[in-house]
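Please look at the sequence and the 3D structure below. The briefing that follows goes through them topic by topic.

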Amino acid sequence: LFWLKLGLRREQVLLRAAPLILVRGVRMATAQILVGVLAGLSVPGAIAQDLFLSSEAQPPSNASKSKSAASFLNGPPRTAMDYNGIALPTMTIRGTEPVHVVAIGDWGGLDGTLWANQVTPNGRARLITHRWGAVPGPSVFPRSRWNAAHSERICSHDEFVECFETKGEPPCVDGCGYVHEVDSKPQLLVADQLKRYAVVNRPKYVLNVGDNFYWGGIERDCGFPMHAISPETRHQFDQIFEGVYSGAGLDGVPWLSVLGNHDWGGRVFNNGWDQQIAYTWASNRWVMPAPYFSQHVEYPDQGFSVDLIFIDSNAMDAKDPAEDSEHNICSEKYNLGQGNNKQDATCARAGGPSDVWSCKDWFWSFWRRNQAFAEEKLRESTADWQIIVTHFPCGHEMGWYRHLYAAYGLDLLVTGHRHDQELWDPTHPRFAELGGLHCIVSGGGGGITSEATPVEDDDNWYGEAQYGFYDLVITKSDIQITSIDYKGDVIKQATVAPH
């Protein structure tokens, strides 16, 4: 208003106001007042996309799954489910040199400085499991360890916490296989190797298979406005993502992402999973417009294309409310009577489950929608390569994935959830169970401790490594897969031919 009174044109006011809204964090109410003042102003599309984030600017919530890319570019949806099934604008990668892609998952550790010196909302617990955890940046969650058959727990969570407290000294239990300076900071070790790799190989995009924030995703109830970013969301993204995966070769590189079971809440379904979707419009590289979507990638100078299909498989952890409360998104124990106000979980406003009693059915119905979407995209695909990216690991829903391989020519399945690195190629003992489909588990990103002791195989390893990531080099003739561990060592390689 001050600038208008000085006689500046409305276009000049807009250009001066944009940094205030976008950078200095003027409250949304103030932004909406400004939008009202500037009503009728014609602005460039890019500025409009960033500025006009009020609910009045959103596409209709009943838009169909065949929305155009233009709908996506208009801004965030009214609810987190509105853009399900969207096809993102085609990504075009020029040049004839080999193009590298990263696959990583289960990377997002605990934010130990969230709510420092504050009263936590509704009595939520701080994200600190041991005395070394209240530090800036990520802190790993100590998960229990089991034998390879998962028939015997060889280290409980509490025993593992003791190992962190003593830095591996007694009374740390030998069976925990704790390795100080490895288990104590795996996300940072893997990120450091990823940065070194990125400087040399310049990956064009990242396939992120979920469990982006432990323990329970974004520490905010679902239902926060999609045009806004909560303080918890901003803090966790800054500490666990933006401040960790940056630098030459990573800055500005798209992270094409799905939700993991811990992003929904782990033992609940009403944490801020929808804020991870909203962050798509607050970032120049985080890409998660919906729980399921697709991305077409063209390599015109090399004469081939790739269809990437992203789906939500977290129904695998949606069980009856009374069952397995520690590994159940729909747990009665943790979804009822939450916090100081004894609230019962609901995500109806965000488009998710309305209550714990309908939770399991909601997730399994949602999984069937994801399956139908994937089959439709595969059936329609004319790309040279078809790749599915999801959270739950090689071995889940195997009959369905075998069908996709045989009927539609699915070439590669990229997954996470198990906290290690597994390349299911013809040398893997379970490769035949997928009917010839290559699959990788990239759950060793380091946000949570690995399935087994990380340095040497104690006969409890499922795959070739515990902490690490994968490099994919996609060409017209094949996909070269390389497993890289937390030390930067190449552990295993495989070649996938078009199917």
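Two strands pair if DSSP finds at least two bridges between them. Helices (H or I, at least four residues) and strands (E, at least two) are themselves DSSP runs, numbered from the N terminus. This is a predicted model, in which local features need pLDDT of at least 70 and side-chain atom pairs count only at pLDDT 80 or more, while totals for chains, interfaces and linings use all residues. Residues are numbered from 1 along each chain as its sequence is written, and side-chain values use heavy atoms, with hydrogens and water left out.

**The chain as a whole**

- The chain has 13 helices and 19 strands.
- Of its 499 residues, 57% are buried, where buried means under 20% relative accessible area, exposed over 50%, and partly exposed in between (1.4 Å probe, protein chains only).
- A contact means heavy atoms within 4.5 Å. Among the contacts in the chain with a separation of 6 or more, 70% come from residues 24 or more positions apart.
- The chain exposes about 19,900 Å², and carbon and sulfur atoms supply 51% of that area. Accessible areas come from the Shrake-Rupley method with a 1.4 Å probe; for residues, only the protein chains shown count as cover.

**The sheet**

- Seven strands make an open sheet with mixed pairing, in the order β10-β9-β8-β3-β17-β18-β19.
- The edges are β10 and β19 (490-496), each with a single partner strand, so one side of each has no neighbour in the sheet.
- Strands β17 (residues 468-474) and β18 (residues 479-485) run antiparallel and are joined by seven bridges. D471 stands opposite T482 in β18.
- Helix α7 (residues 186-201) lies across β3 (99-104), β17 and β18, and runs at about 170 degrees to β3. Axes are lines fitted to C-alpha atoms, for helices over the stretch in contact, and angles run from 0 to 180 degrees between N-to-C directions.

**Aromatic rings**

- Rings of Phe, Tyr and Trp (its six-membered ring) pair if their centres lie within 6.5 Å; planes under 30 degrees apart count as stacked, over 60 as edge-to-face and the rest as tilted.
- The count by this rule is 31 aromatic pairs.
- In one of them, the ring centres of F213 and F237 are 4.8 Å apart and the planes meet at 65 degrees, so the pair is edge-to-face. F213 is in the loop between β8 (205-208) and α8 (231-242), and F237 is in helix α8, 24 residues apart. Both F213 and F237 are buried.
- F237 also forms a stacked pair with Y279, at 3.6 Å centre to centre and with 15 degrees between the planes. Y279 lies in the loop between α10 (273-278) and β10 (286-287) and F237 in helix α8, so this pair ties together parts that are 42 residues apart in sequence.
- One aromatic cluster is formed by W107, F213, F237, F241, Y245, W255, Y279 and W286.

**Charges over rings**

- A charge sits over a ring if NZ of Lys or CZ of Arg is within 6 Å of the ring centre and within 35 degrees of the ring normal.
- K167 lies over the face of W132, 4.3 Å from the ring centre.
- The charged end of R267 sits over the ring of Y334, at 4.2 Å from its centre.

**Two single residues**

- Where is E397? E397 is in the loop between β13 (385-389) and α13 (398-408), and is partly exposed, with a relative accessible area of 28%.
- Not counting residues up to four places away in sequence, E397 touches M316, W367 and Q371.
- N261 is in helix α9 (residues 261-264) and is buried, with a relative accessible area of 3%.
- Leaving aside neighbours within four places in sequence, the contacts of N261 include D211, N314, D317 and H391.
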